[in-house]
Structure formats: C-alpha cells, structure tokens
Amino acid sequence: MMRLSRIFSIVAAVSGALWLASNDARAQELSPPKAHQGYYLSLSLAGTVMGHKDKDVGWLGPQGGPLGALRMGQAVTPYLDLGIAVLAGAGYDSNRGAVLGRFGLEAQVRPIPVMEPAFLRVGVGFGLTDVFDRKDKMASVPGRTGAAYVVAIGYDFFPGRSPERSGGFSLSPVLGLEAGPSAGFSSLAGWIGLELGWWTGLPKAELELPEEKAY
C-alpha cells in the first residue's frame, strides 16, 4: 500500500505542475479553436476477456463479459489530458465468475500532431478482483486488492463539429489492457469498446477568433 501511495503522490504532483503550467500558458496567449480543449467527461461500454492466476489453484479463465467506465478530466496542453477514471466489469466461464473494479489517475497523450485524434492512454490506480464460484464444489479463490495499471489506444471522432468551435461531442473506439499483478493472485483483462464523451471547450476570451465572433 505504501508503494501505491507513493505512485499516487508522484502522479498527483506531476499533474498539478502541468495544470499550473498550462494555465499560465493560456493566460499569456490565445489558442485557435480545437476539439480537445477544456474539461471532458466520458462514458464507455466495452466487451472484455479476462484471466487470473492464483498461486494455489492455477490459471482461471478465460472469462468474458461486459465492462463500463466513467472518466473526467482536463486538457492541460494541446497534446496531453489528465483525469480520473472509475471502471467496473465482470467475466464468466462455466465454473466461475469474477468482478473487476478500478479507481485511479489517467493520462492521455496525442503524440503525433498529424494524427491528433489518435491517443495513447496510461493509468495507475487502486484495483480489486473478486472471484466467485458458479458451482458449489469449486476451490475457494480469495481474489486481490492493490495496484492496477492500464494502457489503451483509441481514436476520437467529433461528428458534426464545426472547425470554428472549441470542444464538442466525441465518439471513440478504444482497445485496452489492464493488469493487476501480485505474488498470490494476478489479473489480466483486455477490452474493446466505444466511449461517448463531451469536451466543454475554452471560453471565447481564451480563443483566437475573428473579431466579429470574439464577443
């Protein structure tokens, strides 16, 4: 738990520094209207396949089922977003089921300017996995709580958005992988799904606009 606390402290400190730097930069110069600006809120639904490794029972899975997530945060630079995420999912096979959950910090980067809608997402947080029997005679498996790590790739579409508008609705196909390693029990889950998001955009006072549209 101390290790996880240190990870959160480091990520929070870096996030705060980037947020302050981005606010100073925006105060000094205007930005042209773009889709990825302001705060964001997104809801996702995906299909997942997960597996687990218990030191006593061995390999469990694969298990398939639904997964959902709620994300919120802010674009701190033109190519970096920081936020928090809450995720929950479930998987089943003929013998057992499992429930997966995570709360943590995430960063999204768009490293290639010519492909700005494409993003890479990385995250760290507190995760849990609870395994339950679907048959009475199965050996008990304790599951786990602890650090969880995620990496995902996706692409943001902004249907109907005007080039002169900051922010807007987004629709994003996403492919992700999450790992929860530990000595006694480890989980691995992959998913593919869609995210529906909303970007608030920047206020007009912070945008580079023609004079007739700036007020």
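**Entry 1. A buried pair**

The model is a predicted one. I looked for contact between the two side chains and found a salt bridge from Arg110 to Asp81, with the closest N and O atoms 2.7 Å apart. I then placed both residues. Arg110 sits in the loop between S4 and S5, and Asp81 in strand S3 (residues 80-92), so this pair ties together parts that are 29 residues apart in sequence.

How many salt bridges does a search of the whole structure find? I got eight. I followed those of Glu195.

One partner is Arg71, where the closest N and O atoms are 3.1 Å apart. Arg71 and Glu195 are both buried.

Arg121 also forms a salt bridge with Glu195, and here the closest N and O atoms are 2.8 Å apart. Arg121 is in strand S5 and Glu195 in strand S8, so parts 74 residues apart in sequence are tied together.

Are Arg121 and Glu195 buried or exposed? I checked each against the cut-off, which is under 20% relative accessible area for buried. Arg121 has 1% relative accessibility, so I count Arg121 as buried. Glu195 has 7%, so Glu195 is buried as well.

I noted how the contacts join up. Salt bridges with shared partners connect Arg71, Arg102, Glu106, Arg121, Glu178 and Glu195 into one network.

**Entry 2. The barrel**

Next I traced the strands. Eight of them make a closed barrel in the order S1-S2-S3-S4-S5-S6-S7-S8, and the pairing is antiparallel. On average, neighbouring strands of this sheet are turned by 25° against each other, direction ignored.

I went through some of the pairings:

- S4 (residues 96-109) and S5 (residues 118-133) are antiparallel, with 14 bridges. I picked out Gly104, whose bridge partner in S5 is Gly125.
- S5 and S6 are antiparallel over twelve bridges. Here Ala118 has Tyr155 in S6 as its bridge partner.
- S7 (residues 168-180) and S8 (residues 185-199) are antiparallel over 13 bridges. Ser170 has Gly197 as its bridge partner in S8.

**Entry 3. Gly146**

I looked up a glycine next. Gly146 lies in strand S6 (residues 144-155). Its relative accessible area is 12%; buried means under 20%, so Gly146 is buried. I also took a C-alpha distance: Gly146 and Gly180 are 34 residues apart along the chain, and their C-alpha atoms are separated by 7.3 Å.

**Entry 4. The nonpolar patch**

Last, I turned to the surface. Which residues form a nonpolar patch there? I listed Leu120, Val122, Val151, Ile153, Leu175, Leu177, Leu188 and Ile192, with about 670 Å² of accessible area together. Which strands supply them? S5, S6, S7 and S8 each give the patch at least two residues.

I took one member for a closer look. Leu177 is in strand S7. Leu177 has 41% relative accessibility, so Leu177 counts as partly exposed.

Technical notes: Residues numbered from 1 in each chain as written. Predicted model: local features only at pLDDT ≥ 70, side-chain atom pairs only at ≥ 80, totals over all residues. Heavy atoms only, no water. Helix = DSSP H or I, 4+ residues; strand = E, 2+ residues; numbered from the N terminus. Buried < 20%, exposed > 50% of the residue type's maximum accessible area, 1.4 Å probe, protein only. Pairing = 2+ DSSP bridges. Axes fitted to C-alpha atoms, helices over the stretch in contact; angles between N-to-C directions. Salt bridge = Lys/Arg side-chain N within 4 Å of Asp/Glu carboxyl O. Patch = residues over 30% accessible without salt bridge, like charges linked within 9 Å, V, L, I, M, F, W, Y side chains within 5 Å. Areas by Shrake-Rupley, 256 points an atom, 1.4 Å probe, with all protein chains shown as cover.
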